[in-house]
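Here is a friendly briefing to keep beside you while you look at the chains. Take a look at the model first, and then walk through the points below.

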Amino acid sequence: MIRYVLGRLVYGLVVLALVTVFVFVAITFIPSDAVDVMLADTGATEEQAAAMRSELGLDRPVWEQLGSFLGNAVQGDFGRSFYTDEPVVDLFLDRIPITLQLGGLALVIGTVLGLVLGIIAAVRRGTATDGAVRVTAVTFLSVPNFVLGLLILTALGLWFAWSPPFVYRGPTEDFVSWAQHMAIPAIALGTASMAGITRMTRSSLLENLGSQYIRTVRAKGAGERLVLFKHAMRNSVIAVLTLIGVDLATVLGGTVILEQMFSLPGTGQLVYQAVLDRDYPVVIACTIFYAGLFIVTMIIIDLLYAFIDPRIRAAREAGR
Amino acid sequence: MTGTVPLLEVTNLRVRFPTRQGPVEAVSDVSFDVHPGETVAVVGESGSGKSVTALAVMGLLDSGRVEGGSIRYRDEDLASVGTKRMREIRGEEIAMVFQNPMTALDPLYTVGNQIVEAIRLHRETGRKEAQQRAVDLLREVGLPDPERRARSYPHELSGGQQQRVMIAIALACNPSLLIADEPTTALDVTVEAQILRLMRTLQRDHGTAMLFITHDMGVVAEMADRVVVMYAGKVVEQGRVEDVLNDPQNPYTRALLASIPSPTISRDALMPAIRGAVPSLLETPSGCRFHPRCPEAFDRCPTEEPPLFDIAAGRDSRCWLHDRTPAGAVRGRAAGPSGEGASALGVGRAG
């Protein structure tokens, strides 16, 4: 098992390296660079711009820039922001808690509601409740999270004359303000995962509830609660776990827009602004971090598979 | 037969399933009984309603419903006892072994855990004690190294071993009635023989009555005291195994027995088989349901449905050939069990 995890980690590092190279190259294809953005409408001359480029190292060929970036990155130095001259790592560490709070809340909301609704729909299959849950799920799957966020915001403002705070305060500083601020973007982000998880839970549970081993459990005289939670649910969880992993990527992507909309100073907002400013070191560092987070989550989910299913455990121990 | 009170008495059972084309009746008017300690085999082709009958007794029909008749177990009607009482009966009074052991065990739990679950659903037993009982059960069903096997997962066992585990689960609470739904169909022939022997031994040791569902006349001969032959949802013949096998009264039973290939059959000869297929439940034939495939059918068969004729003590057959009333007398006598050219004799019909 340890060998398996190490293998997955090495594989993850390779992916991370490929992502870095891709982003680095892709970013040079964007027309206009940081210097263009900074000096726009200042009336600066071509000579001044060239001087600035050479100061930032932007006049060197891409592969050379990439080489020195990678050299520094493996030592933990991801460079400094072109604008504030702060180390990227510091910028990032200041803001990451907010994004993790938002993303975490969204995933918790989506997973908990999705499981509950999915179980209800499966147990009451074919009834009006089941129909209502399925329609709800399809609806929320089809509405983009930023549209939903705006709709909630507008509705609350129009009907209740209420607006969430737009200045971020940490949960330890002012919990009520924090909760009010986080609620709408977290719900808007979480509903799509909720809808997906509802559908997956329902279909996976129905498949398992119709299987022969469930008939055996019933033939022993078990009640529906034991059938559902000890047997059918555990057998359905693998499919749901896979989906949660995929949702993580969607949720992280969603934070970029929603943090901007709700003025949450997280990494989403940081990366959004950095792209507009062509602040390459920040963009690249954020991308690497997001990719790393995703890879680590996937490895954890992979380990959970083995924890849940002895057949997967056995296959891995056999080195297949 | 045995003069005792039946343990299980199924009377005029009807089971319907809803389908897109409307409800279909998978079991029509089926009656039979099982006495304490005896083995009754229910035999028939796929689609004859034999498994549905077994599931109806257990109350485990997925979408089907018992539409009529009664399933009397001791002094309760299982068709109307309610889910709570039915749960107490399942596993404790009536246990079931299924056809596919490979898919009948939960893949995520050890077999020990699954046996312990069966024990603790009905007995106030501590976990330790239940685990010990699970190991004892595994030993009793003939698994080597039962302590280690209790910690195995289903995928680590062979099909035969899995079926032994299923039998251990079924016997966990010492049920009075064991329903076995084709328990050896999915297994190798050599393993089949071992499992059948095991079931016979356990049944004798525990005094368990058995309702044995099978399509295999060889298994019937080996396992059962009495046999119920089903065709298209109806009982067509029943009686003691030696009587039915040695002197089948119903043309369907005769055809089934004739379909068993003999070891002396020539390689070039066609395997004996009943022509045609079991009719779809959506369009059951008029009159006798077997008449389109029956070599002995005559003009009365497609128009009137034959009742079960009581031909001897504990011996019934559903066929117009047994009709001794004036209307059927000529026919019944003329055709006889040999059945040769029965349809050609239609002219002699009395009424």
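In this predicted model, the contact between the chains draws 24 residues from chain B and 19 residues from chain A.

**Where the chains meet**
- On the side of chain B that touches chain A, the elements giving two or more residues are α2 (83-89), β6 (94-97), α3 (101-104) and α4 of chain B.
- Among these, α4(B) supplies the largest share, with four residues.
- By class, this side of chain B consists of 13 nonpolar, five polar and six charged residues.

**Chain A: annotated spans**
- UniProt, in an unreviewed entry, puts "transmembrane region" at residues 9-30, 98-123, 135-162, 182-201, 237-262 and 282-308 of chain A.
- Two of these spans can be described from the model: residues 182-201 of chain A are 100% helix, with end C-alpha atoms 27 Å apart, and residues 282-308 of chain A are also 100% helix, with end C-alpha atoms 39 Å apart.
- The unreviewed UniProt entry also lists "domain: ABC transmembrane type-1" at residues 96-305 of chain A.
- Residues 96-305 of chain A are 84% helix and 0% strand, and the end C-alpha atoms of this span lie 28 Å apart.

**Chain A: a helix pair to look at**
- Helix α5 (residues 88-123) of chain A packs against helix α10 (residues 224-261) of chain A at an angle of about 145°, and their axes are 9 Å apart.
- The crossing of α5(A) and α10(A) is right-handed.
- From α5(A), the residues in contact include Leu102(A), Gly103(A), Ala106(A) and Gly110(A), while those from α10(A) include Ile244(A), Leu248(A), Val251(A) and Thr255(A).
- Sorted by class, the contact of α5(A) with α10(A) holds nine nonpolar, five polar and two charged residues.

- For chain B, UniProt (unreviewed entry) gives "domain: ABC transporter" at residues 8-257.
- That stretch of chain B is 41% helix and 26% strand, and its end C-alpha atoms are 27 Å apart.
- Arg123(B) sits in the loop between α4 (111-122) and α5 (127-140) of chain B.
- Is Arg123(B) buried, exposed or partly exposed? Arg123(B) counts as partly exposed because 14 other C-beta atoms lie within 10 Å, whereas a buried residue needs 20 or more and an exposed one has 12 or fewer.
- Between the C-alpha atoms of Arg123(B) and Gln249(B) there are 46 Å, and the two residues are 126 residues apart along the chain.
- Helix α11 (residues 251-258) of chain B is mostly covered, with six of its eight residues buried.
- Those buried residues are Pro251(B), Tyr252(B), Thr253(B), Arg254(B), Ala255(B) and Leu256(B).
- Their cover includes α9 (217-223), β9 (226-231), β10 (234-240) and α10 (241-246) of chain B.

**Nonpolar cores**
- The largest nonpolar core has 99 residues, of which Ile115(B), Ala168(B), Ile179(B) and Leu211(B) touch the most other members.
- Helix α7 (residues 159-171) of chain B gives the most to this core, seven residues.
- Leaving out residues up to four places away in sequence, Ala168(B) touches Ile115(B), Leu137(B), Leu138(B) and Val141(B).
- Another core, of 58 residues, lies apart from it, and its members include Met182(A), Ala195(A), Leu209(A) and Tyr280(A).

Notes. Residues numbered from 1 in each chain as written. Chains lettered and ligands numbered in written order. Predicted model: local features only at pLDDT ≥ 70, side-chain atom pairs only at ≥ 80, totals over all residues. UniProt positions renumbered as here; feature names shortened; annotations may be inferred. Axes fitted to C-alpha atoms, helices over the stretch in contact; angles between N-to-C directions. Left-handed = near helix turned anticlockwise from the far one by under 90°. Contact = placed C-beta atoms within 7 Å. Nonpolar A, V, L, I, M, F, W, Y, C, P; charged D, E, K, R; others polar. Core = buried A, V, L, I, M, F, W, Y, C linked by C-beta atoms within 7 Å.
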